[in-house]
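Me: I am new to this structure. Please take one residue and the part around it, and go through both closely.

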Amino acid sequence: PDVLNHLITNRLSKISINCSYDEGENPNYITRILERMENKEVRQFNEIELIKRVVEKKYKNFIISDSVGSGKTETLKDITRKIRKNYSNYWISFFMLNKSVRLEENIKDIKEFMGGTILNVNKSDKLLEKTFFEYLFDKKRVVFLFDGFDEVSSDCKPQVIKMLESLNESGKVKMWVTSRQHLEGELKKILSTIPFTIISLTKEQQVSYLKTAWSNGDEKYDEGTNFAENLVDQLTKCVKGTDFFGKPLQTFLLSEIFKESNQRAVDIQELSFTHVFYKFFDRKKTIWRTRLTNETLFSISERKLNPMQIHQFFALSFFNNDKRCMFNMSHDVNEWSFEDIQMCGIITLDADGKLRFIHQSLAEFLIAMFIKEFLCNFSEIGDEYSDLFLNMFCNDKYSVVRYFLNQMVDDINLEALK
């Protein structure tokens with residue numbers, strides 16, 4: 001044990017890399033402030049104050065619960081980096097719960113389960129990692145950071161809940177879990193703790209983010225400063241939707257929409273959360289066309305599906321456990337290469353080589369667009385779409401899709417919907 005402890009203290013930070021994301025720091029990331037109720041009053045914490053609780057025995061689990069686009073994932077990633085930097089003698093693992101992992105229904109030994117199924121350290125060629133993990137697990141020096149509880153598919157959710165419950169009951173680990181707010185009550189029951197929310201970005205932080213995103217690394221960049229300040233000012237006053245202002249997602253979308261100076265002539269009063277998504281996709285389609293070769297552009301006319309329809313297809317598959325056949329897509333998706341699709345900058349590959357949207361809300365917007373277009377063009381809903389529509393109106397998983405649809409209601413055939 002003494003030798004192990006010495007090795008862990010001095011070397012563990014170099015070998016316990018079990019993350020499914022690039023550990024390089026995000027240059028546009030803004031350190032966040034979180035808050036929650038403690039002792040009947042609202043208390044605020046910066047990230048450093050929170051990670052200090054990792055070594056305090058009375059703090060065991062942490063929940064970050066907030067609305068779409070609030071920055072939950074990036075905040076958790078940054079907290080992971082800071083914990084690693086400050087506590088190298090802990091086993092720190094970040095895990096995205098929306099990964100397509102089939103968990104065991106019956107977890108008999110949670111330590112063995114986490115080492116084998118989740119961390120994959122029980123293989124014969126990973127004896128050192130396995131030894132470190134088990135030693136630190138028994139010493140209560142393991143921290144798991146789980147992102148996206150709300151993104152877990154319905155068929156995997158019971159196993160994920162069982163995993164979290166088993167980890168909690170073991171008393172051996174500390175956990176961080178992020179989720180959207182509609183599952184906050186469920187997480188509170190599982191982890192027996194009060195969730196944190198993330199305080200919105202200030203005007204100064206949003207302006208700083210926009211300038212950094214537009215500067216391309218030029219520290220002397222000043223062009224666009226006045227536009228950024230005016231944009232944020234006007235959005236604060238006249239944007240429709242109370243959840244719009246101060247969200248990192250909204251700021252990111254604006255930075256993409258107005259990246260080029262010739263794109264900055266716009267009536268800000270016309271902007272809404274949904275309108276910003278429209279403009280973002282229009283911008284991405286324009287970029288996509290400029291990046292394709294003339295030969296590829298010529299062949300596009302022969303293809304039955306355009307890039308946005310392909311993205312809708314992936315969005316529908318993502319939200320319906322990959323049951324692609326139910327959407328009556330008769331055209332061959334494989335005629336589009338991943339390189340073609342990636343040029344839009346909306347879908348990327350994760351560390352495991354699986355396709356994913358850069359943000360879940362983009363998939364939700366595409367589903368809302370699909371439903372709107374369907375209702376505008378069809379008088380009846382066929383059996384192949386009935387499950388989608390039933391889930392869309394009855395399942396909290398689709399709450400953001402419903403939000404987008406409410407903003408599009410003027411274009412929808414409500415009689416067809418009835």
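Reply: Lys-72 is found in helix α3, which covers residues 72–86. Helices (H or I, at least four residues) and strands (E, at least two) are DSSP runs, numbered from the N terminus. The model is a predicted one, in which local features need pLDDT of at least 70 and side-chain atom pairs count only at pLDDT 80 or more, while totals for chains, interfaces and linings use all residues. Residues are numbered from 1 along each chain as its sequence is written, and side-chain values use heavy atoms, with hydrogens and water left out.

Lys-72 is buried but has no salt bridge. Buried means under 20% relative accessible area, with a 1.4 Å probe and protein chains only. A salt bridge is a side-chain nitrogen of Lys or Arg within 4 Å of a carboxyl oxygen of Asp or Glu. The nearest side chain of opposite charge is that of Asp-150, 6.0 Å away; Lys and Arg count as positive, Asp and Glu as negative, and His and the chain ends are not counted.

Beyond four places in sequence, the contacts of Lys-72 (heavy atoms within 4.5 Å) include Ile-64, Asp-66, Asp-147 and Arg-180.

In α3, eleven of the 15 residues are buried, among them Leu-76, Ile-79 and Ile-83. The end C-alpha atoms of α3 are 21 Å apart, which agrees with the 21 Å that its 15 residues should span at 1.5 Å a residue; the expected span is 1.5 Å times one less than the number of residues.

As for confidence, pLDDT runs from 0 to 100 for each residue. The protein chain has a mean of 76, and 69% of its residues reach 70 or more.

Note on methods: Buried < 20%, exposed > 50% of the residue type's maximum accessible area, 1.4 Å probe, protein only. pLDDT = per-residue confidence, 0-100.
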